[in-house]
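Subject: Structure handover

Hello,

My notes on it follow below.

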Amino acid sequence: MRFAGIDIGAETHLLAAVDEADRVLIKPTKVTEDAAGYERLLELLGAPRDTLVAMEATGHYWKNLFATLVARGFVVALLNPLRTARFASEDLARTKTDAIDALGIARFAAQKRPPATRLPDPATEELRELVRLRDRLGQDFGDRVRQLHRVVDLGFPEFTRYVRRLDSELATAILHDYPTAAAFVGISLRRLAGLRYDGRHKVGDDLARSLIDAAARSVGRHHGEAYRIQVRYACEDLDLLRRRLRTLEGDIGRMLDRHEVGSLLTTIDGVGPLTAARLVAELGDPASFHSAGALAAYIGVVPGLRQSGKRTPTRAPLTAIGHAALRAKLWMPVLTAVRKNPWLRAFYQRLIARGKLPKVALVAAMRKLLIAVYTVAKERRPFVPNVAEAPR
């Protein structure tokens with residue numbers, strides 16, 4: 001059997017291959033990320049029979065090559081770069097090059113025999129793209145809010161006493177027309193009170209009067225054109241991003257309705273459409289893990305105990321290995337679930353009654369929620385809570 005390793009790059013990849021006796025069959029060879037390079041790579045690999053191709057999941061650069069190899073009948077295994085890095089460190093390697101990496105990946109495949117990676121179905125792949133686009137837009141939205149905060153603090157710092165959230169439609173509608181405290185001077189109360197901020201609601205007399213009075217006494221001293229432009233641009237960007245996020249969330253919801261596992265996950269109280277879409281996007285089918293414990297370990301909701309000699313710690317922090325980004329995104333849904341999900345709330349309250357710290361209990365609740373996710377995906381049935389579950 002042959003074992004091929006491909007070191008993925010943005011414009012060029014390196015291919016190497018070894019056999020079961022660790023003899024080099026293909027010396028590290030460069031192939032380009034284009035049709036000619038793919039033809040060269042397939043020519044070097046030959047027939048797909050008795051060949052395992054391994055590559056690291058490096059950014060998005062692997063996707064086209066992965067799809068091409070699978071379409072040609074090759075068995076392809078995607079590897080976690082952490083595993084291949086630790087494999088290389090076993091030999092006390094002092095030099096790292098792309099050629100060495102390609103051979104190392106091939107030798108890793110020969111010794112570890114990683115399982116084949118399956119391409120996600122089109123619905124899952126599209127959900128993944130939409131969820132990640134939504135995350136990027138959400139990050140952009142947060143960046144604009146922070147930029148707006150800075151300029152408002154300089155031009156009208158008292159504004160947030162009356163309009164608490166600068167990311168609201170109310171705030172952006174007012175600030176777009178009146179970006180600094182100086183802009184409120186001499187304006188009509190009726191005009192400000194009649195300003196519509198979401199197509200339906202008006203600012204109102206009370207808020208308008210409070211803002212005009214506060215602006216007259218404001219300590220803000222930065223009212224120049226540069227500050228007004230920054231406020232207006234930030235407000236326009238926030239309005240645009242807000243509309244895009246709403247549209248995108250609707251698209252995600254409609255796509256989720258057509259996804260068998262994703263739609264079932266929303267039957268778990270506390271798992272909304274966006275959380276269900278995120279789970280499908282990052283995990284594929286949760287039932288593909290061999291157990292609920294394996295799913296929890298993949299995400300990193302397991303203790304990382306470090307015990308050696310006389311050192312016997314009484315507590316173990318969370319393991320440093322796991323899908324940290326997904327774990328972070330699950331934190332708020334778990335906080336919601338322990339309030340709205342009777343089954344999970346009862347579990348959380350039992351842990352608190354036994355003296356567990358709130359954060360420890362929340363992590364345990366996250367693991368419990370993942371067990372529910374795995375069960376629903378495995379059985380392909382809506383979630384049925386067992387509120388009267390016996391204490392453990």
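How many residues lie between E1 and E2 in the hairpin they form? Four residues separate the two strands there. Please keep in mind that this is a predicted model.

**The sheet**

E1 covers residues 2-7 and pairs with E2 in the antiparallel sense. Six bridges join them. Arg2 stands opposite Asp19 of E2, and Phe3 stands opposite Val18 of E2.

On to the next pairing. E2 and E3 (residues 24-32) are also antiparallel, over six bridges. Thr12 stands opposite Thr32 of E3. E2 and E3 form a hairpin with four residues between the strands. Asp22 in that hairpin takes a positive phi near 70°.

Is E2 enclosed or open? Seven of the eight residues of E2 (residues 12-19) are buried, so the strand is largely enclosed by the rest of the structure.

**Two helix pairs**

Start with H5 (residues 122-155) and H10 (residues 225-257). Their axes come within 9 Å and cross at roughly 160°. An angle over 145 degrees counts as roughly antiparallel, so H5 is roughly antiparallel to H10. The crossing of H5 and H10 is left-handed. The residues of this contact divide into 22 nonpolar, two polar and 10 charged.

The second pair is H16 (residues 342-353) and H17 (358-379). Their axes also come within 9 Å, and they cross at roughly 145°. H16 passes H17 in a right-handed crossing. On the H16 side, the contact is made by Trp343, Leu344, Phe347, Tyr348, Leu351 and Ile352. H17 brings Pro358, Ala361, Leu362, Ala364, Ala365, Lys368, Leu369 and Ala372. By class, the contact has 13 nonpolar residues, no polar residues and one charged residue.

An α-helix has 3.6 residues a turn, so residues three or four places apart point the same way.

**H12 and H13**

H12 (273-283) is mostly covered, with nine of its 11 residues buried. The buried residues are Thr275, Ala276, Ala277, Arg278, Leu279, Val280, Ala281, Glu282 and Leu283. Note that Arg278 and Glu282 are on that list. Gly284 follows H12 and has a positive phi, near 75°.

H13 spans residues 292-299. Ala292, Ala294, Leu295, Ala296 and Ile299 are buried in H13. What do these buried residues pack against? The partners are H12, H14 (324-329) and H17. Just after H13, Gly300 takes a positive phi of about 100°.

**Two single residues**

Thr180 sits in the loop between H7 (169-177) and H8 (189-193). Is Thr180 buried or exposed? The cut-off for buried is under 20% relative accessible area. Thr180 has 2%, so it counts as buried. Leaving aside neighbours within four places in sequence, Thr180 is in contact with Gly155, Phe156, His222, His223 and Arg228.

Lys340 is the other one. Lys340 is found in H15 (residues 331-340). Exposed means over 50% relative accessible area. Lys340 is at 59%, so it counts as exposed. Leaving aside neighbours within four places in sequence, Lys340 is in contact with Asp269 and Arg345. Lys340 and Asp269 are 71 residues apart in sequence. In space they are 6.5 Å apart, C-alpha to C-alpha.

Best wishes

Conventions
Residues are numbered from 1 along each chain as its sequence is written. This is a predicted model: local features need pLDDT of at least 70, side-chain atom pairs count only at pLDDT 80 or more; totals for chains, interfaces and linings use all residues. Side-chain values use heavy atoms; hydrogens and water are left out. Buried means under 20% relative accessible area, exposed over 50%, partly exposed in between (1.4 Å probe, protein chains only). Contact means heavy atoms within 4.5 Å. Two strands pair if DSSP finds at least two bridges between them. Axes are lines fitted to C-alpha atoms, for helices over the stretch in contact, and angles run from 0 to 180 degrees between N-to-C directions. Angles under 35 degrees count as roughly parallel, over 145 as roughly antiparallel, 65 to 115 as roughly perpendicular and the rest as oblique. A crossing is left-handed if the near helix is turned anticlockwise from the far one by less than a right angle, and right-handed if clockwise. Ala, Val, Leu, Ile, Met, Phe, Trp, Tyr, Cys and Pro count as nonpolar, Asp, Glu, Lys and Arg as charged, and the others, Gly among them, as polar.
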